Amino acid sequence: MVPFIPLLAGVFWGAPLLAREYERNTHQLAWTQSVGRGHWLAVKFGVLAGCAMLAGLASGQMFGAWLDMFPGKAESFAETSYFGALGVAPAAWWLFAFTLGTAAGVLVRKTLPAIAITVAVFLAAAIALLLRPHYAEPVRTLGPDAATKGALIVKLGRVTPDGREMSSLDNVPGCPVGIGKSACALAAGYQDFTVYQPVDRFWRFQWTEAGILLAATAVLGGVAVGGTVRRRR
């Protein structure tokens with residue numbers, strides 16, 4: 001559940017930020033004062049956005065420090081569910097969730113619908129970024145390879161003696177199912193292959209994911225600001 005903690009920033013900070021103002025009509029009072037709505041939004045949005053980023057960085061550091069107690073867990077792909085909760089990615093996730101909630105509040109002007117949209121879009125983004133194994137061209141190796149330890153495994157399989165690929169779960173003709181299958185397949189001329197992303201790409205992938213999220217955040221921020229500043233009422 002750790003990768004979904006940033007959603008709280010969108011639900012409790014972002015979605016009500018402007019939607020609640022619209023529901024209560026307090027935005028009309030705020031925007032008729034000497035402070036313009038652009039400045040008003042910059043202060044409210046900027047402060048909470050900064051808090052969201054700092055919260056993300058802090059959570060990533062704390063979770064990473066906790067994982068350091070378990071050898072091979074931190075800064076590796078051993079547990080793919082941990083990736084978005086480590087390093088710089090959490091800061092991007094928190095900021096994305098907060099900005100998403102704010103943009104949803106501007107568009108629908110109702111807190112509960114804005115929360116529902118925030119949850120739905122955040123979950124969709126989390127599912128879409130499970131494509132992180134394809135952030136870079138993966139490495140392919142035949143036979144045992146020590147570099148696959150802690151790596152992000154993209155595909156496992158076997159190469160038949162005639163060069164065809166098959167799943168590692170497929171039956172090998174003449175070999176028993178279960179214990180002894182791998183040794184029998186090797187003796188029969190089959191070779192295991194692994195397609196993976198090496199551990200040394202961890203930080204490269206961290207910055208790639210952060211960049212994707214920040215680009216999406218910039219678009220959502222434009223929606224929030226444009227929808228607030230240009231709206232007449």
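Analyst: Just after H1, Asn-25 has a positive phi of about 60 degrees. The model is a predicted one.

User: How many helices and strands does the protein chain have, and in what order do the elements run?

Analyst: The secondary structure comes to seven helices and four strands. Read from the N terminus, the order of the elements is α-α-α-α-α-β-β-β-α-β-α.

User: What percentage of the contacts in the protein chain with a separation of 6 or more is between residues 24 or more positions apart?

Analyst: The protein chain has 233 residues, of which 41% count as buried. Its accessible surface comes to about 12,600 Å², with 65% of that belonging to carbon and sulfur atoms. Of the contacts with a separation of 6 or more, the share of residues 24 or more positions apart is 76%.

User: Why does the end-to-end distance of helix H1 agree with its number of residues?

Analyst: H1 covers residues 7-24, which is 18 residues.

User: On which residue is the kink in H1 centred?

Analyst: The kink in H1 is of about 50 degrees. The buried residues of H1 include Gly-14, Ala-15, Pro-16 and Leu-17. The residue on which the kink is centred is Pro-16.

User: Is Tyr-22 buried or exposed?

Analyst: Tyr-22 lies in helix H1. Its C-alpha atom is separated by 8.7 Å from that of Gly-105, 83 residues apart along the chain. The cut-off for buried is under 20% relative accessible area. Because the relative accessibility of Tyr-22 is 6%, this residue counts as buried.

User: Which residues does Pro-6 touch, leaving out those up to four places away in sequence?

Analyst: Pro-6 belongs to the segment before H1, and its relative accessible area is 3%, so Pro-6 is buried. Phe-98 is 92 residues from Pro-6 in sequence, yet the two are 8.1 Å apart in space, C-alpha to C-alpha. The residues that Pro-6 touches are Trp-93, Trp-94, Ala-97 and Phe-122.

User: What is the strand order of the open sheet, and which are the edge strands?

Analyst: The open sheet has four strands with antiparallel pairing, in the order E1-E4-E2-E3. Two of these strands pair on one side only, and these edge strands are E1 (139-142) and E3. Direction ignored, neighbouring strands of this sheet are turned against each other on average by 35 degrees. The order asked for is E1-E4-E2-E3, and the edge strands are E1 and E3.

User: Which residue of E4 is the bridge partner of Gly-157?

Analyst: Strand E2 (residues 152-159) and strand E4 (residues 191-197) pair in the antiparallel sense over seven bridges. E2 is also joined to strand E3 (residues 165-167) by three bridges, again antiparallel, and in E3 Gly-157 stands opposite Ser-167. In E4, the bridge partner of Gly-157 is Phe-193.

User: What is the bridge partner of Leu-142 in E4?

Analyst: E1 and E4 run antiparallel and are joined by four bridges. Phe-193 is the partner of Gly-157. For Leu-142, the bridge partner in E4 is likewise Phe-193.

User: Which residue takes a positive phi in the hairpin of E2 and E3?

Analyst: Five residues lie between the two strands of this hairpin. The residue with a positive phi, near 95 degrees, is Gly-163.

Key
Residues numbered from 1 in each chain as written. Predicted model: local features only at pLDDT ≥ 70, side-chain atom pairs only at ≥ 80, totals over all residues. Heavy atoms only, no water. Expected span 1.5 Å × (residues − 1). Bend = angle between axes of the 7 residues up to and from the residue. Buried < 20%, exposed > 50% of the residue type's maximum accessible area, 1.4 Å probe, protein only. Contact = heavy atoms within 4.5 Å. Areas by Shrake-Rupley, 256 points an atom, 1.4 Å probe, with all protein chains shown as cover. Pairing = 2+ DSSP bridges. Axes fitted to C-alpha atoms, helices over the stretch in contact; angles between N-to-C directions.
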